[in-house]
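Subject: A structure for you to look at

Hello,

Here is the structure I promised to hand over. Have a look at it first, and then read on for what turned up.

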Amino acid sequence: MRYWLMKSEPADVSIDDLAALPEQTVAWYGVRNYQARNFMRDQMAVGDGVLFYHSNCAAPGIAGIARVASTAYPDATQFDRHSKYFDPKATLETPRWFNVDVQLVRKVELISLPELRAHAELERMRTLQRGNRLSITPLDPAEWRYITEELAR
């Protein structure tokens, strides 16, 4: 089992939006970074743990705990000419972008970015490193345990 931090802009899909969806599941679409895509396509497995992180907003931070609910499959937005995620180089035969479905486990009281930075146990957390802008990052099992057992309320 692996653990991930996955960022979503709440204006696009928030933890509350996820909680309101049927089966509380959403396709994690629109990822257009090759490394993040590779994490989804090559490493994520059903049941992996996910920290749902609100980004690019007034109060960024971990807003919930989720799990990977599907294996990777082609992101349909790459084929939609009207989507901001359209990719003219992608074809049905050779898709370039993938997503997985993510299912809510539970919402948590927001764990803010400053709060995450305040814990020495998380100082090596990839998301907290200077210059890291990836929307999906792996978590060390110890980071996952610390956040889910000590910080998530």
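With which side chain does the side chain of Thr 77 make a polar contact? The partner is the side chain of Arg 32, at 3.1 Å. Before going further, please keep in mind that this is a predicted model.

Thr 77 is found in the loop that runs between strand S5 (73-74) and S6. With a relative accessible area of 17%, Thr 77 is buried, because the cut-off for buried is under 20%. Setting aside neighbours within four places in sequence, the residues in contact with Thr 77 are Tyr 29, Gly 30, Arg 32, Ser 83, Tyr 85 and Phe 86.

Arg 32 has another partner as well: Arg 32 and Asp 75 form a salt bridge, with 3.1 Å between the closest N and O atoms. This pair links distant parts of the chain, since Arg 32 belongs to the loop between S2 and H2 while Asp 75 belongs to the loop between S5 and S6, 43 residues apart.

**Other salt bridges**

The count of salt bridges comes to 4, and the one between Arg 32 and Asp 75 is among them. Another joins the side chains of Lys 107 and Asp 16, at 2.4 Å from N to O. Here too, distant parts of the chain are linked: Lys 107 is in strand S7 (residues 101-112) and Asp 16 in helix H1, 91 residues apart. Lys 107 is partly exposed, with a relative accessibility of 42%, and Asp 16 is partly exposed at 45%.

Arg 41 and Asp 42 make a salt bridge too, their closest N and O atoms being 2.7 Å apart. Arg 41 counts as partly exposed, at 35% relative accessibility, and Asp 42 counts as partly exposed at 48%.

**Helix H2**

Which residues of helix H2 (residues 34-43) are buried? They are Ala 36, Arg 37, Phe 39 and Met 40. Because these residues cover an arc of only 155° around the axis, they lie on the same side of H2. What they pack against is strand S1 (3-8), strand S6 (98-99) and strand S8 (136-139).

The N-terminal end of H2 is capped by Asn 33, which has a side-chain oxygen 2.9 Å from the backbone nitrogen of Gln 35. One of the buried residues, Arg 37, also lies over the face of Trp 97, 5.7 Å from the ring centre.

**Rings and charges**

**Two positive phi values**

Gln 24, which is not a glycine, has a positive phi, near 50°. Gln 24 lies in the loop between helix H1 (15-20) and S2, and Gln 24 is partly exposed, with a relative accessible area of 31%.

Asn 56 also has a positive phi near 50°. The loop between S3 and strand S4 (61-68) holds Asn 56, and at 64% relative accessibility Asn 56 counts as exposed.

Happy browsing, and do write back with any questions.

Best wishes

Note on methods:
Residues are numbered from 1 along each chain as its sequence is written. This is a predicted model: local features need pLDDT of at least 70, side-chain atom pairs count only at pLDDT 80 or more; totals for chains, interfaces and linings use all residues. Side-chain values use heavy atoms; hydrogens and water are left out. Buried means under 20% relative accessible area, exposed over 50%, partly exposed in between (1.4 Å probe, protein chains only). Helices (H or I, at least four residues) and strands (E, at least two) are DSSP runs, numbered from the N terminus. The arc is that of the directions from the helix axis to the C-beta atoms. Contact means heavy atoms within 4.5 Å. A polar contact is a pair of N or O atoms within 3.5 Å; within protein, one must be able to donate a hydrogen and the other to accept it, and residues adjacent in sequence count only if both atoms are side-chain atoms. A charge sits over a ring if NZ of Lys or CZ of Arg is within 6 Å of the ring centre and within 35 degrees of the ring normal.
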